[in-house]
Amino acid sequence: IACLATTAFFFLEHGSVALAWKASIAVAGIVTGIAFMHSMYMRSVWVTTGDSPIIYRYIDWLITMPLLALQFYFILSAVKKVSSVIFWKLSIGTIIMVYGGYAGEVGDIPAFFGFIIWLVGWIYILYEVHSGDAGGIIARNSNRSLTSAFGTMRMIVTIGWAVYPLGYVFGPPLTATIDSDTLNIIFNFADLINKIAFALVIWSVAIANTSGSRR
Ligand SMILES: *C/C=C(C)/C=C/C=C(C)/C=C/C1=C(C)CCCC1(C)C
């Protein structure tokens, strides 16, 4: 429900930000909208079968994770001309990640191997936003609110995203030391940080960079 509220908020706020920021604001609202839909599907399956449906979680991740990673590209593009290579690196990196994790989870490839593919993809994304092309642009720029927002978003992707692999290691796929009820709560909490708080950071930099801001 918080995801739905976030979507409504972003679609309403879309008109309040400068043109250059509209893509980031729209994408932020779309991500939480997609997460809301999938949470509803997952809840239905949970209520009828008592199972935590892996497939919907991965369909959600498959769409939302590349979009979240692309926000780094969108916010940079709002203030300067940025090479589309960054767009492709972030997209392809995240899609490989999700596919590896999914194949491992459903048993197409050994779970441990899936874990490794995902880990490599994630480290690659972290490299890209910390010291790769995107990280380099932010290190050289002088827009204070952009630098600070980028830094917070990068921290969320580094620490907040680490919650999911911990769930994979301690949850049913690998060692099953925590049950799927607990895992659901942990994943929902992680979404609150990684999708909703992440979106609000983007909103705050968009407002700060909208000239003649009403705030
Ligand atoms: C909104 C949803 C987000 C940000 C989901 C993020 C998911 C991950 C970062 C998952 C990572 C995983 C690994 C690093 C290893 C393999 C297992 C996964 C799929 C849980």
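Author: A residue is called buried when its relative accessible area is under 20%, exposed when it is over 50%, and partly exposed in between, with a 1.4 Å probe and protein chains only. This is a predicted model, in which local features need pLDDT of at least 70 and side-chain atom pairs count only at pLDDT 80 or more, whereas totals for chains, interfaces and linings use all residues. Residues are numbered from 1 along each chain as its sequence is written, and side-chain values use heavy atoms, with hydrogens and water left out.

Reader: What makes Lys89 buried, partly exposed or exposed?

Author: The relative accessible area of Lys89 is 26%, which lies between the limits of 20% and 50%, so Lys89 is partly exposed.

Reader: Why is the contact between Glu128 and Lys89 called a salt bridge?

Author: The term requires a side-chain nitrogen of Lys or Arg within 4 Å of a carboxyl oxygen of Asp or Glu. The closest N and O atoms of Glu128 and Lys89 are 3.9 Å apart, and the pair therefore meets that cut-off. Glu128 belongs to helix α5 and Lys89 to helix α4 (residues 84-106), so that this pair links distant parts of the chain, 39 residues apart; helices here are DSSP runs of H or I with at least four residues, numbered from the N terminus. Side chains of opposite charge can pair when their charged atoms come close.

Reader: How do you know whether Glu128 is buried or exposed?

Author: Glu128 has a relative accessibility of 1%, and because this is under 20%, Glu128 counts as buried.

Reader: What does Asp133 contribute in its salt bridge with Lys89?

Author: The side chains of Asp133 and Lys89 meet at 2.9 Å, N to O, in a salt bridge. Asp133 lies in helix α6 (residues 133-139) and Lys89 in helix α4, so this pair ties together parts that are 44 residues apart in sequence. Asp133 itself has a relative accessible area of 35% and is therefore partly exposed.

Reader: How many salt bridges does the rule give, and where do Lys195 and Asp191 lie?

Author: The count comes to four salt bridges. One of them joins the side chains of Lys195 and Asp191, at 3.2 Å from N to O; both residues lie in helix α9, four residues apart, or about one turn of the helix. Lys195 and Asp191 are both buried, and together with Asp60 they are linked in a network of salt bridges.

Reader: Which residues come nearest to the ligand?

Author: Among the 13 residues around the ligand, Met65, Trp118, Tyr164, Tyr168 and Lys195 come nearest, where a residue counts as near if one of its heavy atoms lies within 4 Å. The protein covers 100% of the 530 Å² of accessible area that the ligand has on its own.

Reader: Which helices supply the shell around the ligand?

Author: At least two residues each come from α3 (54-79), α5 (111-130), α8 (163-170) and α9 (180-208), and α3 gives the most, with five residues.

Reader: Why is Ser148 called partly exposed, and what makes Thr210 buried?

Author: Ser148, which is placed in helix α7 (residues 144-159), has 48% relative accessibility and therefore counts as partly exposed. Thr210, in the segment after α9, has 11% relative accessibility, and because this is under 20%, Thr210 counts as buried.

Definitions and conventions:
Areas by Shrake-Rupley, 256 points an atom, 1.4 Å probe, with all protein chains shown as cover.
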